Amino acid sequence: MSTLASLKLVAAKQTRVVDPIQLRRTKLITALEEQIALAKARQAGTDYTPMRSRRVKDADGNVSVVQQPKRLKAWFWAVDGGKVCVAVRYGNKPIELTKGKTAVETTAGELVGTLGKLRDAVAAGELDAEMESASASVSRKFNKLRGQI
């Protein structure tokens, strides 16, 4: 008996299409995880600097990969009365969580938990429509810029 005969052979085709909704969710969840790490670091009194890989060419033309700090802006800020507001951003634009409201008010002690709840809401698909509209807005701006070049 041959080795191939002992295996279960099927006619399968690998799909290369990535669901855009899942891609947006993953992108926003990753950004929220960075915000959670930033909030934890600020509560502990330390710095949080995520790193990114970047290809750099030297004078001889050799390409090497180096780690550089990634610029990270906080999505949360202090307001009057010791409260903290959190805005979820997608493509440098705050997402409307409900009609006309773009931020969540919380306390400094509950900030990490609030960011975690927002991450869970994104994973559950509760902000898909808002991300779709923000993504369309960003795409329109890029297409407008491409037309000017």
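Me: In what order do the three strands of the open sheet stand, and is their pairing parallel or antiparallel?

Reply: The model discussed here is predicted. Its open sheet has the strand order E3-E4-E7, with antiparallel pairing. E3 (76-79) and E7 (103-107) are the edge strands; each has a single partner strand, so one side of each lacks a neighbour in the sheet. From one strand to the next, the twist averages 30°.

Me: How many bridges join E3 to E4?

Reply: There are four bridges between these two antiparallel strands. As one case to locate in the model, Ala78 has Val84 in E4 as its bridge partner.

Me: Which helix packs on the sheet, and which strands does the helix touch?

Reply: Helix H2 packs there, in contact with E3, E4 and E7, and its direction makes about 145° with that of E7. H2 consists of 13 residues and reaches 18 Å from its first C-alpha to its last, close to the 18 Å expected at 1.5 Å a residue. After H2 comes Gly125, whose phi is positive, near 90°.

Me: Which residues of H2 are buried?

Reply: The general idea is that an α-helix has 3.6 residues a turn, so residues three or four places apart point the same way. In H2, the buried residues include Leu111, Leu115, Leu118 and Val122.

Me: Which residues of the largest nonpolar core touch the most other members?

Reply: In soluble globular proteins, nonpolar side chains tend to be buried together. Here the largest nonpolar core has 21 residues, and those touching the most other members are Leu28, Leu32, Phe76, Leu111 and Leu115. Helix H1 (20-44), strand E4 (83-87), helix H2 (111-123) and helix H3 (128-148) each supply at least two residues of this core. H1 gives the largest share, six residues. Setting aside residues up to four places away in sequence, Leu111 touches Ala39, Gln43, Phe76, Val84, Val86 and Thr106.

Me: How many salt bridges does the structure hold?

Reply: There are five. One of them joins the side chains of Arg25 and Asp128, at 2.5 Å from N to O. Arg25 lies in helix H1 and Asp128 in helix H3, 103 residues apart. Both residues are buried.

Me: Is Glu34, the salt-bridge partner of Lys70, buried or partly exposed?

Reply: The cut-off for buried is under 20% relative accessible area. Glu34 has 14% relative accessibility and therefore counts as buried, whereas Lys70, at 33%, counts as partly exposed. The closest N and O atoms of this pair are 2.9 Å apart.

Conventions: Residues numbered from 1 in each chain as written. Predicted model: local features only at pLDDT ≥ 70, side-chain atom pairs only at ≥ 80, totals over all residues. Heavy atoms only, no water. Core = buried A, V, L, I, M, F, W, Y, C linked by side-chain atoms within 4.5 Å. Buried < 20%, exposed > 50% of the residue type's maximum accessible area, 1.4 Å probe, protein only. Contact = heavy atoms within 4.5 Å. Expected span 1.5 Å × (residues − 1). Pairing = 2+ DSSP bridges. Axes fitted to C-alpha atoms, helices over the stretch in contact; angles between N-to-C directions. Salt bridge = Lys/Arg side-chain N within 4 Å of Asp/Glu carboxyl O.
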